[in-house]
Amino acid sequence: DVITQGWRDDNVKEALDLCLACKGCKGDCPVNVDMATYKAEFLSHYWGGRVRPRQAYAFGLVDQWSRAASLWPGLVNLVTQTPGLSHIAKLMAGMPIQRRIPEFAPQTFRDWFKKHQANSNEEYRQVILWPDTFNNYFFPETAQAATHVLEDAGFKVSVPMMHLCCGRPLYDYGFLDLAKQYLRKILDTLKPQIEMELPIVVLEPSCASVFRDELHNLFPEDPLAKKLAGQTFLLSEFLKIGRAHV
């Protein structure tokens, strides 16, 4: 039938709920139809001026909750991993009871990096390692290993110490205005490094997708956004071709 409710149409909302926002369709589609972007735009209008479901705030703002939890990771893990208490936490977050809440690391990657004895050889070329939310707060050993790999390859690694997040989870719940604020903060904070054309190595593919795709969609006329998109590499990409770009 013809859609009559526009941005508030529940039938469209129900159909888009089946989209995983993985962007696989864009790569497979001969005309690059991007359903993930359509979904984010629709949800932004659909939920505009209304209260979203509690899981939207729990998972869409996971970077903020993780930042707060990192202050007392042991206490938070006690709550999220103890039977009974974990069920309450899942209900509050709108999370299925059968799923397991991941444990927060006792030390974040950023805190580890502050104490890390980095390469001091001035001949080493500098590279920025992006500390995404999950590898910073939940799986810092992955980012630590990436640090050692880059240093062994002859690069001087730097990490942004300010709390920054690409905001990828925000798109899944239509928080486009907040996502734009996140990206503006990144551009302002990393402006000197971006203008120096330092490569940014990203471990999480979804973060790379934001820098290469969503960033341009939200800031189509910003030359700094265009430069960041061109300086973003996955670790495997950088190790293969990065030397030619630094």
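This briefing covers pockets, a surface patch, salt bridges and backbone angles. The model is predicted. Its largest pocket holds about 1200 Å³ of space. A nonpolar patch on the surface has about 850 Å² of accessible area. The structure holds 13 salt bridges.

**Largest pocket**

- The space in the largest pocket comes to about 1200 Å³. Its lining counts 39 residues, and those closest to the centre are Ala58, Phe59, Val62, Trp65 and Phe138.
- By class, the lining of the largest pocket has 27 nonpolar, five polar and seven charged residues.
- Several helices give at least two residues each to this lining: H4 (54-60), H5, H6, H7, H9 (133-137), H11 (168-171) and H14 (205-218).
- Helix H5 gives the largest share of the lining, with five residues.

**Second largest pocket**

- The second largest pocket holds about 170 Å³ of space. Helix H8 (109-115) and helix H9 are the elements that give two or more residues to its lining.
- Helix H8 supplies the largest share here, three residues.
- The lining of the second largest pocket divides into four nonpolar, four polar and four charged residues.
- Arg67, Arg110, Asp111 and Lys114 are among the residues that line the second largest pocket. Ser70, Thr108, Asn136 and His163 are also in this lining.

**Nonpolar surface patch**

- The patch is formed by Leu71, Trp72, Leu75, Leu78, Val79, Leu85, Ile88 and Met92.
- Helix H6 (73-81) and helix H7 (85-93) each give the patch at least two residues. Both helices also supply at least two residues each to the lining of the largest pocket.
- Where does tryptophan 72 sit? It is in the loop between helix H5 (62-69) and H6.
- Tryptophan 72 counts as exposed because its relative accessible area is 53%, and the cut-off is over 50%.
- Methionine 92 lies in helix H7. Methionine 92 is exposed, at 63% relative accessible area.

- Side chains of opposite charge can pair when their charged atoms come close.
- Lysine 23 pairs with aspartate 213 in a salt bridge, with 3.3 Å between the closest N and O atoms. Lysine 23 is in the loop between helix H1 (10-16) and helix H2 (24-28), and aspartate 213 is in helix H14, so this pair ties together parts 190 residues apart in sequence.
- Arginine 168 and aspartate 172 form a salt bridge at 3.4 Å, N to O. Arginine 168 is buried, with 9% relative accessible area. Aspartate 172 is partly exposed, at 28%.
- Glutamate 197 and lysine 227 form a salt bridge at 3.3 Å, N to O. Glutamate 197 is in the loop between helix H13 (191-195) and strand E3 (200-202), and lysine 227 is in helix H15 (residues 223-230), so the pair ties together parts 30 residues apart in sequence.
- Lysine 227 is partly exposed, with 27% relative accessibility.

**Backbone angles**

- Most residues other than glycine have a negative phi.
- Which value does phi of asparagine 32 take? It is near 55 degrees, a positive value in a residue other than glycine.
- Asparagine 32 is in the loop between H2 and helix H3 (35-46). Its relative accessibility is 47%, so asparagine 32 counts as partly exposed.
- Glutamate 197 has a positive phi as well, near 60 degrees. This residue is in the loop between H13 and E3, and its side chain meets that of lysine 227 in a salt bridge.

Conventions
Residues are numbered from 1 along each chain as its sequence is written. This is a predicted model: local features need pLDDT of at least 70, side-chain atom pairs count only at pLDDT 80 or more; totals for chains, interfaces and linings use all residues. Side-chain values use heavy atoms; hydrogens and water are left out. Patches are made of residues with over 30% relative accessible area and no salt bridge: like charges are joined within 9 Å, nonpolar side chains (Val, Leu, Ile, Met, Phe, Trp, Tyr) within 5 Å. Accessible areas come from the Shrake-Rupley method with a 1.4 Å probe; for residues, only the protein chains shown count as cover. A salt bridge is a side-chain nitrogen of Lys or Arg within 4 Å of a carboxyl oxygen of Asp or Glu. Helices (H or I, at least four residues) and strands (E, at least two) are DSSP runs, numbered from the N terminus. Buried means under 20% relative accessible area, exposed over 50%, partly exposed in between (1.4 Å probe, protein chains only). On a 1 Å grid over the protein atoms alone, a cavity is a set of points where a 1.4 Å probe fits but cannot get out, and a pocket is an open set with protein on both sides within 12 Å along at least five of seven lines; lining residues have an atom within 4 Å of a point. Grid points are joined across faces, edges and corners, and a volume is the space filled by probe spheres set on the points. Ala, Val, Leu, Ile, Met, Phe, Trp, Tyr, Cys and Pro count as nonpolar, Asp, Glu, Lys and Arg as charged, and the others, Gly among them, as polar.
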